[in-house]
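Here are my notes on the model, point by point. Have a look at the coordinates alongside and see whether you read them as I do.

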Amino acid sequence: MKKVIYIFALLGLLAFSCSSNDDTTTEDMMETPEEPGTPEEPETPEEPETPEEPEAPETSSTILPTRVEIVDADGDTEIITYTYTGMRLDRESSSSGYFVDYTYSENRLTSSRGGFSTQTEGIITESYTYDNQERINRISINIPNANQNNSILTYSADNNTVTDTNENAERGELPDVFTFNNNNLTRFTEDNRFSSTYTYDTNNAPFVNVANRSVLVRLSTENIVQLNFTTNNLLTEVITPNPQGNNANEETSTYTYSYTYTASNFPRMVTEESDGDITTYTYTYNND
């Protein structure tokens, strides 16, 4: 009996020993997994190039025309130059010999003198007086070998309508009437002869910065061409005879204008067309 117990004890011991060896072998055979490598850091994307700062637009508040070259439909050329004191127009002179000089008192336009420098006669002088709102209300024009021509200017409450009455007008002669919007002449009626209407672009006219411009644009005289002093540039000009007036048999005239502009939106070249005839104006400015 003891022998049997011994044999069972021996078998149990052997079984325990084998079980123990099997467990150890399994653990030893298990491969230790490799530690994962540190992931490579993604490449830092290159920073985009900083775009160049656009050039700041030049200020346009001090730009003035110094020269305009005019070529008419026949190919004839005229050059007009302009001189200033600060922003004040002092003189315009043409290659044809024509000139206009402007005189001021305390920056107020008081007179002008114009004609051909090659002539000792024929010089027209104009003087201007003002009302208490700093508006010219009287123009005295002295033309050699002619009666002095005096005009009285009256204004609407908003200053957008100006009536020009000739003191020497003949009986039945009507005053000239000028209508403005944004310091642009939009309509002009001369006596009972004809009326003109005007349209504009939105860019700077050549003389938009000149001193006294709001005064100059409201004057239509022998020496002063008011359309030079508008805020914007002409696109169309339509001149229509008054059907009940002295020019009733004349045809309507239409002028159209096209432009190339400087970087500051001032006209560089103006093309004027009427009935197939083309005139060009090319401007030079003090910032060129």
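1. D74 sits in the loop between β1 (65–71) and β2 (77–85). Strands here are DSSP runs (E, at least two residues), as are helices (H or I, at least four residues), numbered from the N terminus.

2. Some housekeeping before going on. This is a predicted model, in which local features need pLDDT of at least 70 and side-chain atom pairs count only at pLDDT 80 or more, while totals for chains, interfaces and linings use all residues. Residues are numbered from 1 along each chain as its sequence is written, and side-chain values use heavy atoms, with hydrogens and water left out.

3. Now the charges. How many salt bridges does the structure hold? The count is 8, taking a salt bridge as a side-chain nitrogen of Lys or Arg within 4 Å of a carboxyl oxygen of Asp or Glu. One of them joins the side chains of R91 and D101, at 2.7 Å from N to O. R91 belongs to strand β3 (residues 88–94) and D101 to strand β4 (residues 98–105), so this pair ties together parts that are 10 residues apart in sequence. R91 is partly exposed at 30% relative accessibility, and D101 is partly exposed too, at 21%.

4. Compare the surroundings of two other bridges. D288 lies in the segment after β16 (277–285) and R268 in strand β15 (residues 267–274), so the pair links parts that are 20 residues apart in sequence. With 53% relative accessibility D288 counts as exposed, whereas R268, at 27%, counts as partly exposed.

5. Strands count as paired if DSSP finds at least two bridges between them. Strand β10 (residues 176–181) pairs with strand β11 (residues 184–190) in the antiparallel sense over 5 bridges, and N181 stands opposite N184 in β11. The two strands form a hairpin with 2 residues between them, and N182 in the turn has a positive phi of about 55°. β11 then pairs with β12, again antiparallel, over 4 bridges. That hairpin has 3 residues between its strands, and D191 in its turn has a positive phi of about 50°.

6. S196 is buried, with a relative accessible area of 2%. Which residues does S196 touch, leaving aside neighbours within four places in sequence? Its contacts (heavy atoms within 4.5 Å) are T186, R187, F188, V238 and I239.

7. On to the rings: the structure holds 8 aromatic pairs. Rings of Phe, Tyr and Trp (its six-membered ring) pair if their centres lie within 6.5 Å; planes under 30 degrees apart count as stacked, over 60 as edge-to-face and the rest as tilted. F178 and F188 make a stacked pair, 4.6 Å centre to centre with 5° between the planes. F178 lies in strand β10 and F188 in strand β11, so the pair ties together parts that are 10 residues apart in sequence. Both F178 and F188 are buried.

8. Another ring pair is Y283 with Y285: the centres are 6.2 Å apart and the planes at 25°, so the pair is stacked. Y283 is buried with a relative accessible area of 12%, and Y285 is buried at 3%. Separately, Y82, F207 and F229 form one aromatic cluster.

9. Last, charges over rings, meaning NZ of Lys or CZ of Arg within 6 Å of the ring centre and within 35 degrees of the ring normal. The charged end of R108 sits over the ring of Y130, 4.3 Å from its centre. The charged end of R218 sits over the ring of F180, at 4.8 Å from the centre.

Definitions and conventions: Buried < 20%, exposed > 50% of the residue type's maximum accessible area, 1.4 Å probe, protein only.
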